[in-house]
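Please read these notes with the structure open beside you, and check each point against it as you go.

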Amino acid sequence: MFLSLTGIDVGYGRTSVLKGIDLAIDKGEFVALLGSSGCGKTTLLRTIAGFVRPTCGMVAVAGRDVTHAAPDKRGMALVFQSYALWPHMTVERNIGYGLKLKGLPRTEVVRRVREMEDLLGLSGLSQRKPDNLSGGQRQRVALGRALAVNPEILLLDEPLSNLDARIRLSVRHEIRALQQRLGITAVHVTHDREEAMVMADRIVILDGGRIVQQGAPQEIFNRPATAFVAAFMGAENEVRLTGRIEGDDWICESAAHCGAARMRLGGRRIGGGTVAARFRAEAAQLLAAADAPEPADDTLDLIGTVASVSYPGGHWRHAVCVADGEVQVDAPIALAPGTPVRVRVPGPAAFLFDTAPGGPAVSPRNFGPATQAGPKASGD
Ligand SMILES: Nc1ncnc2c1ncn2[C@@H]1O[C@H](COP(=O)(O)OP(=O)(O)OP(=O)(O)O)[C@@H](O)[C@H]1O
C-alpha cells in the first residue's frame, strides 16, 4: 500500500471528529472521500497532509511513518476550494512559487513552469494576474502550482465547488486525465456524488467520523451497505415493509400498501420483521392499478395513489402516496393525480435494511439541506 492510515482518531478539543479510520490507498489510485457536511472529510484530508495531528494512529507513505512529519516533508500537495493564489503575482510566479521556495535554480523554475502551463492549457496567460483570469483558469493555476513540485500525492479539497456547472464538468475531466497521465495518487474531498462517481477509482463514504463503506463507484451505487449509504447515493425513497426469511428468499407480506412478493436475498443481510426498502425514483416502474399485470418474480409491488406530477425533463416525476408516506417515481407518461397505481421495484434495485420496529424512518433530512443532486450535493 502506498498511502496508509491506521487507527486514526482526531479530535478538536473534547470533540471527537474522526474515529478509528483505517484506509489503504494504492499508488496511482484516485480516491474520493464522500459524505455529508461535517462528517470529517476535510479533517481527514488535513490529517493526511499533516496540518492536523491525530490523537492516535499512523499515517504512512511508501512504508515510511509520516505521522509526525511536517507537511512539506510528506511529498504531498494540497489544492483548496478557494484557489489561494497570490493576487499580486502573475500566473508564472504563482506556479513557480513552491519551486522557488525549494531553492531551485531560476532556469529550472522557468522550465518547470512552462511545462505546467503547457500541460494545463495556460500558455499565453503567463503574465496575467489571478484577478484577470476566469474561475476555471485560476483553479488550473492552483493545480499547476501544486503539481510543479512533483508531489507523489495530490490532495484535493473540493477544488471544483467554486466553479460554475459547465466549467466544473470540464475541469473534472482535466484533473482526472492529468492524474492518470502522471500516475499521481490522489485523494479528493467532495460532497458531490456524481463528481465522486465519475472521477474516482474508489469512493470512501464517511458518516459521523467513521468510514461506513468503500468500494468502486458502481459497487457503492448498486450495493449500498447501509440505509445511510443508499440514501446518500440517491435511493431517497423509503417504505417500511414486513416480511420473513424462507431459505434464500425474503417473503414480503401483503399489506394495504404492498402486494405479497418473494425476493431473492442475494447476499442481503436482513432478518424477519420490519425492513426499510429504499429505491431510486428512476429504478421503479409506475403502472395504473387498473391495467397492471401480475408483478414479475423478485419484484416489490407497492400500492399507492398519485399525489402530484411534474416534468423535470426527459420523464414525468410522480409523487405517489404509499401508506402514510410519499415516494417519487419517474415514468415516460404522466398519470393524473388521484390515479390508483402500482409501483414495481425490481429486486436488484430494491435495497433492504433491517430496522427497529416503529423506529424513525431514515429521511433525506438527516443529511442536511436537500439539493438537486442528492442529500448533500455540490454547489451548496
Ligand atoms: N478547527 C476546528 N476546531 C473545532 N472544530 C472543528 C475544526 N475544524 C472542523 N471542526 C469540526 O469538525 C467536524 C468535521 O469538520 P470537517 O471540516 O472535517 O467536515 P467536512 O466533512 O469536511 O464538512 P464540509 O463538507 O462541510 O466541509 C465538524 O463538526 C466541524 O465543525
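This is a predicted model: local features need pLDDT of at least 70, side-chain atom pairs count only at pLDDT 80 or more; totals for chains, interfaces and linings use all residues.

1. Residues are numbered from 1 along each chain as its sequence is written.

2. The chain is split into domain 1, residues 3-222, and domain 2, residues 236-360, with bounds that come from an automatic or database domain assignment. Taken over C-alpha atoms, the centres of domain 1 and domain 2 are 40 Å apart.

3. Helix α3 (residues 106-119) and helix α4 (residues 135-148) have axes that come within 10 Å and cross at roughly 135 degrees. Helices here are DSSP runs (H or I, at least four residues), numbered from the N terminus, and axes are lines fitted to C-alpha atoms over the stretch in contact, with angles running from 0 to 180 degrees between N-to-C directions. The contact joins R112, V113, M116 and E117 of α3 to G144, L147 and A148 of α4, where contact means that C-beta atoms, placed from the backbone, lie within 7 Å.

4. Around the ligand stand Y12, V17, G35, S37, G38, C39, G40, K41, T42, T43 and H191, each counted because its C-beta atom, placed from the backbone, lies within 6 Å of the ligand. Helix α1 (residues 41-49) gives the largest share of this shell, namely three residues.

Technical notes: Helices (H or I, at least four residues) and strands (E, at least two) are DSSP runs, numbered from the N terminus. Two residues are in contact if their C-beta atoms, placed from the backbone, lie within 7 Å.
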